[in-house]
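Colleague: Could you take me through this model? I would like to discuss the sheet, the helix packing and the charged pairs.

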Amino acid sequence: MSPFRWASRVYWEDTDGGGIVYYANYLRFLERARTEWLRSLGHSQRELAKESGIIFTVVSLEIAYRRPAKLDDELVITCEPQGEGAASIRFAQRIYRGQQDASALLVEANVRVACLDARTLRPKRLPEFLVKEPS
């Protein structure tokens, strides 16, 4: 699985009264990057739930806040998936201000996502397109 980058911007609704991104809203940026990563592979959350009967859910999260993002900042959110067992994926994710370099690092996160049967909510094997190596 290859690394993925997604660009976004900080809007008013992402911030507190002082124009600083509210800590919980970083989770939204991370979630959106994982969703766009999936879309870049040609699949949507809705399609997978409807046609394949699978959904994804976060089962664990570690996050470190390094620097604050502010209103109107341009962000780059990275997503590096790593297979972990038959029914879960671990994502190393980072959020940068502007350029993707160490001096602009705002957030580091390690997110474990489980694949579930949409009907029973029990673990289900990851779809083949996520576990096969690119040729």
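This is a predicted model: local features need pLDDT of at least 70, side-chain atom pairs count only at pLDDT 80 or more; totals for chains, interfaces and linings use all residues.

Colleague: Which order do the strands of the open sheet take?

Modeller: The order is β1-β3-β4-β5-β2, five strands with antiparallel pairing. Helices (H or I, at least four residues) and strands (E, at least two) are DSSP runs numbered from the N terminus, and two strands pair if DSSP finds at least two bridges between them.

Colleague: And which strands stand at the edges?

Modeller: β1 (4-9) and β2 (54-65) do; each has a single partner strand, so one side of each is left without a neighbour in the sheet. On average, neighbouring strands are turned by 25° against each other, direction ignored. Axes here are lines fitted to C-alpha atoms, for helices over the stretch in contact, and angles run from 0 to 180 degrees between N-to-C directions.

Colleague: How many bridges join β2 to β5?

Modeller: Eleven, with β5 covering residues 105-117 and the two strands running antiparallel. Within that pairing, Thr-57 stands opposite Ala-114 of β5.

Colleague: What about β1 and β3, how many bridges there?

Modeller: Six, again in the antiparallel sense. Arg-9 faces Glu-74 of β3. β3 also pairs with β4, over nine antiparallel bridges, and Cys-79 has Gln-93 in β4 as its bridge partner.

Colleague: Which residue takes a positive phi in the hairpin of β3 and β4?

Modeller: Gly-85, with phi near 80°; that hairpin has four residues between the strands.

Colleague: Turning to the helix, which strands does α1 lie across?

Modeller: Helix α1 (residues 25-40) lies across β1, β2, β3 (74-83), β4 (88-97) and β5, and runs at about 130° to β1. Contact means heavy atoms within 4.5 Å.

Colleague: Now the charges: how many salt bridges does the count come to?

Modeller: Nine, a salt bridge being a side-chain nitrogen of Lys or Arg within 4 Å of a carboxyl oxygen of Asp or Glu. One of them joins Arg-94 and Glu-80, at 3.5 Å from N to O. Arg-94 lies in strand β4 and Glu-80 in strand β3, so this pair ties together parts that are 14 residues apart in sequence.

Colleague: Are those two side chains buried, partly exposed or exposed?

Modeller: Arg-94 is partly exposed, at 24% relative accessible area, and Glu-80 is likewise partly exposed, at 30%.

Colleague: Which residues are linked in a network of salt bridges?

Modeller: Arg-66, Glu-80, Arg-94 and Glu-108 are. Within this group, the closest N and O atoms of Arg-94 and Glu-108 are 3.6 Å apart. Glu-108 is partly exposed, with a relative accessible area of 24%.

Colleague: And with which residue does Glu-84 form a salt bridge?

Modeller: With Arg-112, the closest N and O atoms being 2.8 Å apart. Glu-84 sits in the loop between β3 and β4 and Arg-112 in strand β5, 28 residues apart. Both count as partly exposed: Glu-84 at 27% relative accessibility, Arg-112 at 28%.

How values were computed
Residues are numbered from 1 along each chain as its sequence is written. Side-chain values use heavy atoms; hydrogens and water are left out. Buried means under 20% relative accessible area, exposed over 50%, partly exposed in between (1.4 Å probe, protein chains only).
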